[in-house]
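Here is a short report on pockets, surface patches and charge pairs. Take a look at the model before reading on.

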Amino acid sequence: MPVVELVAQCSIIHVITLMILVPGGRLLAERVGATWTPKLRFLSSFGFSSALYGGIFAAGLTVGVPLSALRIVLFAIISVCLAVYLTRGLWRELLEPEACLAFGFTLLYLILATLGSAFPSGAIANVKVDTTMNYTHLPVDNLIPYNVSRFLLEDLPPEATDIVPGWKLTDRGPLAGVLFAVVALLSGSDEANSWLSPSPGRFFFFQAFSTVLNLLSLWSLIYVGRIYFSARAVILALMLLSTTYFFYINVLFSWPKFAMAYFVLTGTALVLHPRAHFVGGVFAGLGMLFHDSALFSFAPLLGAVLLGGAAFPRFARRHPGLCGLRSTVLLMLGFVAVLAPWKVYQKLHPSTDSRLLYEHLFCIKDADLSGRTLRSALDEYLAKNSVTQIVSTKLYNLGYPFNPSGVINGLRAHWPDPVYMARFTSEQAFFQLWWGIGGVTFVLGILGCLGSVRGKLDRDALVYVVPALGALVPPVILFACRGHTVSHIWAYPAFLVIALFAGAAADRMGVWGALLAGVSVGINLVTVALLMFLLPPLTPVLHGSPAYFCTQSVLVGCLGLWSVICLQREGRRKV
């Protein structure tokens, strides 16, 4: 059966990807972070391996090493790292409760997400770029990392062609594409199809691998969450986040924004360690190489490290060496050290397209920007907008992610047409944070933050609110268009942190909290089902095969069962 083959291949890709990303990074973390906790060393292994293998591959191409030689070198390093990892007994960390929860949950979610894009029959050949676009109702951005890998493996100059229509190679962070180039090189797979029509089997490989990268965000949620909250709270957070339409679509779309969120959360955990500020900066830089929006999270984190000692002296006394000028310099040095090679490459191969820059900074949406400079655009913007209008826009953008009026008015206006209402609500999930995470979960997240402020939950966990919700501040300051502080630009770490505090609040509230969490999960599942199956042009409810729907239903049940088993096991351990 095609579905069985897809399930088997996804499982193999999941295991092999972890075999590549864990051992080498874990050995580096052992060397660099001798004073770190074992769980922090394990969590950081994904990031260290990404830097290690991506750096070796990029350096090899830069100095002209043939791809055949690079394949041998990478295979040898990965094999040696795996052998050392096994002989040292570090594999036992995979038997820890957090690792078991994360491995089982991400494996099942990988299969579910990949199967979702294998429309209509659940076969590997059904996983195509146009099917994924129609299924998610998103543009062709998910092809950017795939074509980055093609640029590298086919030795194309950056100016040869657009990476996708309208975008050049240097317009987007390259690391997701570099990592796929590494695994594609190791596997020996080649692309024979045209530029915008990748072959189905190879694109399935990319889709599954990219989904594993996005699911690293769940590993960070689990491991960071266990530093401050109970296992029950973390499992509830996992369920609240993973059932949202926003998370599901972003994970299967293979655009690496949730992979970036892993680096933000893990980098923050490293910054909270007094001797890991430089590495925390490195992780922030790696997040930027996945997606530029990591800068929105890094800026408030850098400010908190610089000024946190003066603003929160009690916290600074509990964590000596965490804040101050020295820590800020180390954090910035790590950030710059990672980004510098890519910025040099961008300078050597500049992009001539500045549409997003002018749109965000000056609200200029013209397709033709010839003759415009930043100074002329600024003069035009100031001439069109008074100080009162500018301040009004900033305040509106500050409240936009949390303002329910737009969604409520839209639902009232469109409820007679279910298909149009489904399209409206799916778009709003990408625009407004409270709607994307779910209204009940959002309220629970606020209660969790208030519980930490009052000392009923761990106060130190509030540090993660800085890079998560603080990421809203730079867009509010910089963006000129009204309503441009949409979730898909800045809020990916915020989704993880809000879900984590929501799980903690639900856990602390006992039966009532479990009931609210159950209601939120139920609403999420119904919403995802309605949106995914009703929306044209695919309209899966009319054209999907029975195996396609039955397997998805079984996988959702398995995810729920796995969560319940972990909850029960945690309860027995407490007893």
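A pocket here is an open set of grid points with protein on both sides within 12 Å along at least five of seven lines. Its volume is the space filled by probe spheres set on those points. The model is predicted.

**The largest pocket**

The largest pocket holds about 1500 Å³ of space. Its lining counts 39 residues. Nearest the centre lie Asp-171, Arg-172, Asp-292, Leu-356 and His-360. Several helices contribute at least two lining residues each: α12 (245–253), α15 (294–311), α17 (325–348), α18 (355–362), α26 (473–478) and α27 (487–490). Helix α18 gives the largest share, with six residues.

Val-443, Ile-446, Leu-447, Leu-450, Met-509, Trp-512, Leu-515, Leu-516, Val-519 and Ile-523 form a nonpolar surface patch of about 870 Å². Two elements give two or more residues to this patch: α24 (439–453) and α29 (511–534). The largest share, five residues, is from α29. Trp-512 sits in that helix. Is Trp-512 buried or exposed? Its relative accessibility is 62%, so Trp-512 counts as exposed. The cut-off for exposed is over 50%.

**One buried side of α6**

Helix α6 spans residues 129–136. Val-129, Thr-131, Thr-132, Tyr-135 and Thr-136 are buried there. These residues cover an arc of only 160° around the axis, so they lie on the same side of α6. Just after α6 comes His-137, with a positive phi of about 60°.

**Salt bridges**

Side chains of opposite charge can pair when their charged atoms come close. The structure has ten salt bridges.

| Pair | N to O distance |
|---|---|
| Glu-154 and Arg-150 | 2.8 Å |
| Lys-168 and Asp-162 | 2.9 Å |
| Glu-380 and Arg-372 | 3.2 Å |

How do the partners stand towards solvent-accessible area? Glu-154 is partly exposed at 35% relative accessibility, whereas Arg-150 is buried at 6%. Lys-168 is partly exposed at 27%, and Asp-162 is partly exposed at 25%. Arg-372 counts as partly exposed at 23%. For Glu-380 the value is 24%, so Glu-380 is partly exposed. Elsewhere, salt bridges with shared partners join Arg-26, Glu-30, Arg-41 and Glu-93 into one network.

How values were computed
Residues are numbered from 1 along each chain as its sequence is written. This is a predicted model: local features need pLDDT of at least 70, side-chain atom pairs count only at pLDDT 80 or more; totals for chains, interfaces and linings use all residues. Side-chain values use heavy atoms; hydrogens and water are left out. Patches are made of residues with over 30% relative accessible area and no salt bridge: like charges are joined within 9 Å, nonpolar side chains (Val, Leu, Ile, Met, Phe, Trp, Tyr) within 5 Å. Accessible areas come from the Shrake-Rupley method with a 1.4 Å probe; for residues, only the protein chains shown count as cover. A salt bridge is a side-chain nitrogen of Lys or Arg within 4 Å of a carboxyl oxygen of Asp or Glu. Helices (H or I, at least four residues) and strands (E, at least two) are DSSP runs, numbered from the N terminus. Buried means under 20% relative accessible area, exposed over 50%, partly exposed in between (1.4 Å probe, protein chains only). The arc is that of the directions from the helix axis to the C-beta atoms. On a 1 Å grid over the protein atoms alone, a cavity is a set of points where a 1.4 Å probe fits but cannot get out, and a pocket is an open set with protein on both sides within 12 Å along at least five of seven lines; lining residues have an atom within 4 Å of a point.
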